[in-house]
Amino acid sequence: MAPTTQAGSIAIMPMTLGEHRLAVEALSVLEILGPHEWVGIPNTPPFLPGALAWRGRAIAVLDLGPALGLPPLRAPSSRARNVVIQIRDDTLSLSVDRVLEVLRVENSAIRPIHAASWIAEAGLPCKGETVVDEIVVPLLDLEAWTGGGRGKR
Amino acid sequence: MTRVLVLGESGIVVPDEAVEAIEAISDAAELGAWLPSLVDSARAAGTDGAPGSSERRALRLRGGKRVEVPAAMSIAEVEILELPPLLRPLAGGCGVVGITQLAGGLGLVCDPRLLTLDGSDEEGRPS
């Protein structure tokens with residue numbers, strides 16, 4: 001993974017989904033929307049249930065709820081926050097409950113998944129985990145998912 | 001802006017360019033492929049269901065296929081937002097090519113010519 005910020009550190013954006021706390025790389029975030037209407041697309045897997053209109057185009061909706069044992073999104077209602085993320089050529093919206101303040105963490109503070117093994121068991125690819133406010137937070141690897149995992153999950 | 005047929009309350013629109021003709025259905029015994037169910041059976045079950053022949057019309061599509069749709073149709077000019085590459089291979093089999101903003105919310109743009117009519121013949125009738 002190429003460094004995305006200053007040498008030796010990375011900016012992450014923590015967020016909550018149910019009782020789970022997750023994070024993504026902050027530089028992949030394009031915009032944070034409030035509740036946003038979306039439409040279900042047939043034949044899609046539970047984690048990628050539909051699309052929403054954003055800046056004059058359609059982007060995929062990513063729902064991690066079912067993988068985490070939470071109720072799935074039901075169109076047209078989203079969760080309270082929709083994080084628009086750019087991953088390579090894909091733009092998608094990750095629907096979550098809360099978005100927390102962006103933090104900079106040392107690369108050395110990103111450890112292999114251990115305490116947050118529940119996220120690996122849920123089938124969500126991660127770059128590692130770090131500790132924020134004494135809570136272990138997995139750093140999602142959405143790039144791996146949109147690349148190798150495209151259409152397979 | 002693209003001219004489309006808005007299919008009743010199904011939340012589905014069909015680009016006008018896909019349609020050769022709209023035909024009445026005269027024989028109730030000849031009911032064919034019901035488009036809302038082909039696109040999304042869950043969605044169809046929650047709205048129009050599959051009504052009888054008097055509430056249906058047949059779309060004869062450019063290229064020869066034929067599907068049946070709610071008789072309550074309207075024509076609108078809408079902006080079609082194409083599906084992103086991430087969703088295209090997943091939604092292609094049900095003919096969904098994009099989304100659009102309708103009066104009642106977001107709708108699906110379906111080109112029925114792309115539908116995989118499982119269990120039906122070339123004319124779109126159930127086998």
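Modeller: In chain A, of the contacts between residues at least 6 apart in sequence, 49% join residues at least 24 apart, where a contact means that the two C-beta atoms, placed from the backbone, lie within 7 Å. This is a predicted model, in which local features need pLDDT of at least 70 and side-chain atom pairs count only at pLDDT 80 or more, while totals for chains, interfaces and linings use all residues. Residues are numbered from 1 along each chain as its sequence is written, and chains are lettered from A and ligands numbered from 1 in the order in which they are written.

Biologist: What percentage of such contacts in chain B join residues at least 24 apart?

Modeller: For chain B, again among contacts between residues at least 6 apart in sequence, that share is 60%.

Biologist: How do you know that the radius of gyration of chain A agrees with that of a compact globule?

Modeller: The rule, with the radius taken over C-alpha atoms, is 2.2 Å times the number of residues to the power 0.38; for 153 residues this gives a value near 15 Å, and because chain A has 15 Å, the two agree. Along its principal axes, the C-alpha trace of chain A spans about 40 × 30 × 30 Å.

Biologist: What makes a residue count as buried, and what percentage of chain A does?

Modeller: A residue is buried if 20 or more other C-beta atoms, placed from the backbone, lie within 10 Å of its own, and 37% of the 153 residues of chain A count as such. In chain B, 37% of the 127 residues count as buried.

Technical notes
Buried ≥ 20, exposed ≤ 12 C-beta atoms within 10 Å, placed from the backbone.
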